Amino acid sequence: MKITVRLIGALFLVSLLVAFVSTFVQVRGEREDLIRELTVRASVLGENIQELLTEYIRTDTTGKMERYVSGFKARVRLRGLAVFDSLGECTMASSELRALVHMSPVAVHEAIVRDEPVTSIESWPSPVSHLYILPIDVDSVNVGALMLYHDASFIDAQLDEIWKTSFIRLLIQIFLLSVVTMLVLRWSLTNPIAKLVEWMKRQRTGEQTPIESFSRGDILAPLTTEVALLAKSLAHARAVAEEESKLRIGSESLWTSERLNSVVKTLLNGKPLIVVSNREPYVHMHHGAKVDCIIPAGGLITALDPILQACGGLWVAQGSGDADRETSDANGQLAVPPDAPSYTLSRIYLSKEQEEGYYYGFSNEGLWPLCHITHTRPVFELEDWIQYQRVNELFAERVLQTIADEESPLILIQDYHFALLPLLIKSRRPDARVAIFWHIPWPNPEVFGICPWKQELLLGLLGADLVGFHTQFHCNNFLETVDRFLESKINWDLFSAEHGGQVTEVRPFPISIAFNAPESHNGSMLYDGRDKNGLLQKHDISTEYLGVGVDRIDYTKGIVERFQSVKRFLEKHPEYIGRFVFVELGAPSRTHIKRYHDLMAELDELVDRINWSFQTKEWKPILFLKSHHSHDVIGEYYRAADVCMVTSLHDGMNLVAKEFVASRSDGDGVLILSQFAGAAQELRDALIINPYDIEAMSDAIYTSLTMEQAERRERMRLMRTILRERNVFRWAANIITTLAQLRIQKQPLPSAQ
């Protein structure tokens with residue numbers, strides 16, 4: 001209420017001041033206009049009288065002149081005349097001025113001396129008098145002056161009326177302005193703030209309710225956004241505290257972002273964590289006239305962003321958005337996440353030639369199919385290899401600049417794009433602790449031997465102090481490959497390789513996701529997962545059962561086989577025609593690589609063929625949505641689905657499987673999971689399938705839809721328990737702790753050049 005009174009008072013004073021100034025200006029202008037008009041009338045009349053008096057003087061008929069002047073009759077405003085001699089003495093006057101002839105206004109002398117008309121406002125002979133004096137010249141000789149006296153009191157009367165009218169209008173305006181301001185404040189500010197305060201009280205007491213969406217303008221939009229984020233953080237902290245309390249009772253320990261933050265700060269002793277990856281966690285793209293910040297899909301981003309948010313530090317990555325440069329500083333750096341900055345993103349911009357060779361060429365037409373045994377022939381070109389080396393050197397320079405003033409920095413390199421980077425860094429900073437995590441499978445030595453530059457890649461990787469994979473099987477393949485192609489010492493007991501004085505530990509670190517307890521428990525903030533048709537309504541489809549797949553469109557994900565299994569399921573179980581819809585949320589990727597372009601065309605043709613065979617007017621079996629879907633949209637489909645299919649032909653981990661399980665706070669749903677995905681080693685209560693066996697996959701769909709609810713819930717409970725305990729914070733803690741505790745060789749390694 002106090003702020004309202006202060007605001008109304010300020011508006012009143014400002015309005016009063018503005019009205020006073022504007023009225024004052026208006027009155028002054030009006031006064032000048034009235035005086036000017038009166039002067040013009042006096043000058044016209046005076047010139048006529050002046051001519052007459054001049055003629056009397058010239059003909060020496062002063063008697064006539066005196067009779068004319070003394071007999072002048074007063075008019076409405078012209079009250080009288082007076083004639084003065086050359087010395088300024090009054091010689092004759094009309095009846096109105098006769099008693100005052102002994103007085104001689106200063107303006108009379110001024111007119112005689114200057115020999116030109118003079119206007120003056122005087123308080124003589126009436127309180128407000130307009131005197132117009134003009135000289136009388138006879139044959140170019142000044143013989144006196146004529147004065148016309150007008151009563152100007154009407155001017156003050158009109159000006160007083162203006163002041164009076166303006167004051168009343170001012171009072172009305174101020175009253176209306178105050179009333180409108182009061183209503184607007186109550187409607188748009190005080191009432192919403194009161195509701196916001198009430199909502200915050202409920203949040204503080206543990207009552208989880210969604211924040212009201214205000215429809216009275218966007219003045220409170222930034223505040224409500226920040227308050228909602230604050231409430232989410234509070235709910236997260238409360239849920240984590242409750243979970244940790246429960247686990248302490250059972251002598252267990254849960255890894256959280258807070259615990260990871262504490263451990264990493266202790267291990268690093270205040271030093272930042274440096275992460276290097278090809279893909280950036282936040283991409284800025286132009287969308288019409290505005291710039292949108294997009295979080296790319298993919299397991300790496302899902303896993304690492306929560307870690308950097310918890311620990312702080314620096315993430316070095318390629319800037320890929322068309323608005324990245326304008327949203328970063330001159331060094332390509334900016335604070336992220338946008339809503340609550342907690343670490344720094346350092347962008348490196350590549351030329352088209354560099355990106356073609358390093359990323360699309362060597363990394364994704366060479367190493368990707370080489371490591372994923374999916375019967376796609378890898379392509380190795382010399383120019384691509386040259387660009388791969390150059391880009392690795394470019395990233396090495398940025399990292400070395402970043403750690404120039406750091407002692408024994410800790411660097412975590414991500415994935416197959418940077419196989420040469422560990423040696424490039426360690427050869428110049430042997431005190432640095434360097435780990436590289438290989439997110440994709442590592443093939444057996446016979447397959448890896450296809451690569452023309454296998455020794456160079458292995459030497460680059462062995463520059464790291466620690467090499468991590470998702471599974472022990474991939475660790476074994478890596479050490480066998482090193483043993484096959486390099487002169488090195490392999491210690492199978494300690495799982496390490498020694499080459500050129502550098503000892504590299506090789507360990508499995510199954511990556512995971514941030515199992516978000518608040519999102520799991522705060523159902524009021526979530527989409528109602530049971531409303532399948534609400535999701536499908538905009539596609540003019542209705543269904544009883546819903547299956548979902550979420551993938552980057554890649555030939556390793558087994559999407560073709562997945563669609564074929566849906567077709568076979570409907571052939572074997574026609575009673576589900578019209579009752580089961582499978583939705584594929586596919587993110588287009590690397591589309592100008594021929595193999596990916598061909599895959600997209602193959603998938604479109606397959607979906608059309610299957611839908612044509614089964615669809616009805618209001619139903620079709622497969623809905624293929626090709627777009628970069630937001631996490632919110634993906635979450636809605638996860639929670640609505642009866643079954644999620646992850647059918648990778650070969651995969652390091654595949655976090656989609658874990659995301660689906662984590663999203664199911666209702667404890668329901670079935671996961672169909674490929675035996676060739678790393679996640680199958682942990683999520684054993686999924687329906688494990690061979691994606692090459694179409695019959696078995698179609699049977700798994702039928703099993704998932706007919707499974708008893710009790711069994712579904714028990715399987716989901718066990719998988720969620722595993723995810724809660726083996727979350728991404730535990731993964732990060734394990735890999736960072738292992739790296740921080742290694743004894744490193746601080747002697748310079750052989751140059752990588």
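**Labels and their cut-offs**

Guide: Let's begin with aspartate 540, which sits in the loop between α16 (532-536) and β18; helices (H or I, at least four residues) and strands (E, at least two) are DSSP runs, numbered from the N terminus. This is a predicted model, where local features need pLDDT of at least 70, side-chain atom pairs count only at pLDDT 80 or more, and totals for chains, interfaces and linings use all residues. Residues are numbered from 1 along each chain as its sequence is written, and side-chain values use heavy atoms, with hydrogens and water left out.

Visitor: Why is aspartate 540 called exposed?

Guide: Buried means under 20% relative accessible area, exposed over 50%, and partly exposed in between (1.4 Å probe, protein chains only). Aspartate 540 has a relative accessible area of 63%, so it counts as exposed. Its phi is also positive, about 60°, although it is not a glycine.

Visitor: Which peptide bond is cis?

Guide: The one from valine 336 to proline 337, with omega near -10°. Proline 337 belongs to the loop between β10 (333-336) and β11 (343-348).

Visitor: Why do lysine 626 and aspartate 604 count as a salt bridge?

Guide: The rule asks for a side-chain nitrogen of Lys or Arg within 4 Å of a carboxyl oxygen of Asp or Glu. Here the closest N and O atoms are 2.8 Å apart, so the pair qualifies. The two come from distant parts of the chain, 22 residues apart: lysine 626 from strand β20 (residues 622-626), aspartate 604 from helix α18 (residues 594-614). Lysine 626 has a relative accessible area of 39%, so it is partly exposed. Aspartate 604 is partly exposed too, at 25%.

Visitor: What about arginine 726 and glutamate 682: what does their salt bridge tie together?

Guide: At 3.7 Å, N to O, that pair passes the salt-bridge test as well. Arginine 726 is in the loop between α22 (709-725) and α23 (728-741) and glutamate 682 in the loop between β22 (670-674) and β23 (687-689), so the bridge ties parts that are 44 residues apart in sequence. Arginine 726 is partly exposed at 36%, whereas glutamate 682 is buried at 8%.

Visitor: How many salt bridges are there in the structure?

Guide: There are 34. One of them joins arginine 552 and aspartate 554, with the closest N and O atoms 3.1 Å apart, and both of these residues are buried. There's also a network of salt bridges that links Lys567, Arg568, Glu571, Lys572, Glu695 and Asp699.

Visitor: What makes β18 mostly covered?

Guide: Eight of the eight residues in β18 (residues 545-552) are buried. Tyr545, Gly547, Gly549 and Asp551 point one way, Leu546, Val548, Val550 and Arg552 the other way, and all are buried.

Visitor: How do you know that β18 pairs with β19?

Guide: Two strands pair if DSSP finds at least two bridges between them. β18 and β19 (residues 580-587) have eight, in the parallel sense, so they pair. β18 also runs parallel to β21 (residues 643-646), joined by two bridges, so that pair meets the cut-off too. Valine 548 has valine 583 as its bridge partner in β19 and cysteine 644 in β21.
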